[in-house]
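Please keep the sequence and the structure in view while reading.

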Amino acid sequence: MVARRLGSADSYGGYRSDLVDILREKGIRDLAVLRAVSMVPRHLFVPAAVRHRAYEDSALPIAAGQTISQPYVQARSLELLRLTGQEKVLEVGAGSGYQTALLAELAGPIFAVERLAGLAQSAREALEAALVRPVSILVGDGTLGWRAYAPFDAILVAAASPEVPEPLLEQLAPGGRMVIPIGTHAVQELTLVEREGNTYRRTVATDVRFVPLLGEFGFRS
Ligand code: SAH
């Protein structure tokens, strides 16, 4: 859990609770997820030019042609992971760091990987400004996972992949859950992968559109 926080007193608190209402209306039921959205100052994770839109339920442009994902899709992904507060989590594609912050509210130690060094740095700064507890962000190819800290109880992939990267299957702990958008560049299915022993069960949640996962086990750029 977060040691220090802005609290609901910052001037965006009302917008955040409106966003929580929208997510609830769209079917998000997990109270811990809704609470995390009500706590994390999303406006600190978006560029100044789009700050006035920070609490719309839409994806927004961040640096380097990437996007901060739509809050509904992030909330749905987190709900699918069914986090209870203790899990060791791997996040692939930290981007703005906003979903990293939500994960920090919902789980145990968070290990995030981001391919672009500039985004990793601005994510670190935003996480610090948002008073989120320390999380580790590695610059590198997240399709390889983060072997030093594996296995992970939960893995959240925030970029579109043609298939589940093999290293991520290996690094998911038995009993663990992974959420990943699987499909083409144009459209993907948000897929839950549950590991039981060495069996992996897949369930499709909804159609989504993410930027591509570029790397050895993702799309080749
Ligand atoms: N959850 C983030 C999503 C950012 S978009 C947010 O809401 O801000 C997806 C991110 O995945 C981009 O920042 C992109 O640079 C990153 N990415 C793409 N391929 C990657 C890879 N192989 N390893 C790590 N990050 C990757």
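## Terms and basis

Helices (H or I, at least four residues) and strands (E, at least two) are DSSP runs, numbered from the N terminus. The model is predicted: local features need pLDDT of at least 70, side-chain atom pairs count only at pLDDT 80 or more, and totals for chains, interfaces and linings use all residues. Residues are numbered from 1 along each chain as its sequence is written, and side-chain values use heavy atoms, without hydrogens and water.

A pocket, on a 1 Å grid over the protein atoms alone, is an open set of points where a 1.4 Å probe fits, with protein on both sides within 12 Å along at least five of seven lines; lining residues have an atom within 4 Å of a point. The largest pocket holds about 350 Å³ of space, the volume being that filled by probe spheres set on points joined across faces, edges and corners. Its lining has 29 residues, and Gln66, Gly93, Glu114, Ala158 and Ala159 are the closest to its centre.

The second largest pocket has about 180 Å³ and 13 lining residues.

## Strand E6

Strand E6 (residues 152–157) is largely enclosed by the rest of the structure, because five of its six residues are buried (under 20% relative accessible area, 1.4 Å probe, protein chains only). E6 runs parallel to E3, with four bridges between them; two strands pair if DSSP finds at least two bridges. Valine 92 has valine 157 in E6 as its bridge partner.

Terms used
Buried means under 20% relative accessible area, exposed over 50%, partly exposed in between (1.4 Å probe, protein chains only).
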